[in-house]
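Colleague: Please take me through the sheet and the aromatic rings around it. I would like one connected account.

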Amino acid sequence: MRACAPKRPGKVAAPASKARVKPARPAPPAPAPKGGKPEVRVFVSYSHVDKEIRRRLETHLAPLKADNVATWFDGDMEAGEKLDTAIARALREAHVFVGLISSDYLASHYCWRIEYRRAMNRRARGTMRVVAVVVRPCDWKSTPAAGFKLLPEDGRTLQEWRSIDAALVDVVRGIRRVVASVRKEMSQEVPAPKRKSARPAGTVARTAKPRPIAAKAAGATPAAKTPRVRAARPKPPRPGGERTR
């Protein structure tokens with residue numbers, strides 16, 4: 001084993017210099033597809049009793065998904081993820097809310113009192129579009145949804161159409177119109193001006209060098225300084241009067 005050399009007396013090891021930590025940069029936005037259309041996120045709210053209708057609606061929404069439209073429902077949650085946290089995050093990030101209205105949906109405290117109410121609050125602030133789809137007969141005319149345009153056309157239930165697929169096609173067309181209006185608003189938004197990043201802690205600001213008061217002309221010789229003349233001080237008289245030669 002190699003022995004360490006003894007330290008020389010009088011020399012103290014210099015402390016390690018603190019490394020400058022650069023501030024974290026925000027993640028870059030996701031690249032736009034070939035069409036250049038921004039992504040629109042759709043939150044689908046439904047009662048689990050109507051899960052078969054939601055599944056068929058997802059199938060009809062396939063052309064919109066190919067057009068950079070993302071849909072989310074509670075079945076997209078990962079294993080072990082908290083229900084309230086995941087739903088609140090998806091509602092916060094969505095642009096469009098689609099509620100599948102039925103008697104079971106109106107009877108569900110979570111669907112009607114929490115999800116639908118949160119969506120309407122965001123709609124009141126102008127940050128979300130709300131679309132209500134009547135999937136089964138119910139007393140929706142006595143709810144706040146009666147004051148808005150519903151899908152399918154005129155709020156007719158899926159059973160009142162010649163087929164459920166025909167009704168879902170009309171629903172998808174209505175959702176497509178809402179997505180187009182959302183994208184139009186996105187294109188009209190003016191980006192906020194970039195702010196200068198704050199100086200990291202531990203850095204020293206550079207100060208500008210002082211400039212001379214008067215600049216010297218090119219080729220000019222400096223003026224000669226006049227010497228200062230000191231006035232002669234009178235010598236004090238010697239004691240005993242003046243002496244004559």
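Modeller: The open sheet has 5 strands in the order β2-β1-β3-β4-β5, and the pairing is parallel. Its edges are β2 (69-72) and β5 (150-151); each has a single partner strand, so one side of each is left without a neighbour in the sheet. Keep in mind that this is a predicted model.

Start with β1 and β3. Strand β1 covers residues 40-45 and strand β3 covers residues 96-101; they run parallel and are joined by 4 bridges. Phe 43 has Phe 97 of β3 as its bridge partner.

The side chains of these two residues also belong to the ring picture. A pair of aromatic rings is described by the distance of the centres and the angle of the planes. The model holds 6 aromatic pairs. Phe 43 and Phe 97 form a stacked pair, because their ring centres are 5.7 Å apart and their planes meet at 10 degrees, under the 30 degrees that stacking requires. The pair links distant parts of the chain: Phe 43 lies in strand β1 and Phe 97 in strand β3, 54 residues apart. Both Phe 43 and Phe 97 are buried.

Tyr 105 and Trp 112 are arranged in another way. Their ring centres are 6.3 Å apart and their planes stand at 80 degrees, so this pair is edge-to-face. Tyr 105 has a relative accessible area of 0%, so it is buried. Trp 112 is buried too, at 11%. Ring pairs connect Phe 43, Trp 72, Phe 97, Tyr 105, Trp 112 and Tyr 116 into a cluster.

Two rings carry a charge over the face. Arg 54 lies over Phe 73, at 3.6 Å from the ring centre. The charged end of Arg 156 sits over the ring of Trp 161, 4.3 Å from its centre.

Next, the packing. The largest nonpolar core has 28 residues. Those with the most contacts inside this core are Leu 57, Val 96, Val 98, Leu 100, Val 131, Val 133 and Ile 175. Two or more residues each come from β1, α1 (51-60), β3, β4 (129-134) and α6 (164-188). Helix α6 gives the largest share, 9 residues. Val 98 shows how these parts meet. Beyond residues up to four places away in sequence, Val 98 touches Val 42, Phe 43, Val 44, Ser 45, Val 131, Val 133 and Ile 175. A second, separate core has 21 residues, including Leu 91, Ala 94, Trp 112 and Leu 150.

Leu 106 is another contact of Trp 112. Leu 106 belongs to helix α4 (residues 103-107). Its relative accessibility is 22%, so Leu 106 counts as partly exposed. Leaving aside neighbours within four places in sequence, Leu 106 is in contact with Ile 101, Trp 112, Cys 138, Asp 139 and Thr 143. Leu 106 and Asp 139 are 33 residues apart along the chain, yet their C-alpha atoms are separated by 8.8 Å.

In the loop between α2 (62-66) and β2 sits Asn 68. Phi of Asn 68 is positive, near 65 degrees, in a residue other than glycine. Asn 68 counts as partly exposed, at 22% relative accessibility. The loop between β5 and α6 holds Pro 152. The peptide bond from Leu 151 to Pro 152 is cis, with omega near -5 degrees. Asp 154 is also placed between β5 and α6. Asp 154 is not a glycine, but has a positive phi of about 65 degrees. At 62% relative accessibility, Asp 154 counts as exposed.

Finally, confidence. The protein chain averages a pLDDT of 76, and 59% of the residues score at least 70. Among its elements, β3 has the highest mean pLDDT (96) and helix α3 (residues 83-93) the lowest (85). Where pLDDT is low, the predicted coordinates should not be read in detail.

Note on methods
Residues numbered from 1 in each chain as written. Heavy atoms only, no water. Pairing = 2+ DSSP bridges. Phe/Tyr/Trp six-rings, centres within 6.5 Å; stacked < 30°, edge-to-face > 60°. Buried < 20%, exposed > 50% of the residue type's maximum accessible area, 1.4 Å probe, protein only. Lys NZ or Arg CZ within 6 Å of the ring centre and 35° of its normal. pLDDT = per-residue confidence, 0-100. Core = buried A, V, L, I, M, F, W, Y, C linked by side-chain atoms within 4.5 Å. Contact = heavy atoms within 4.5 Å.
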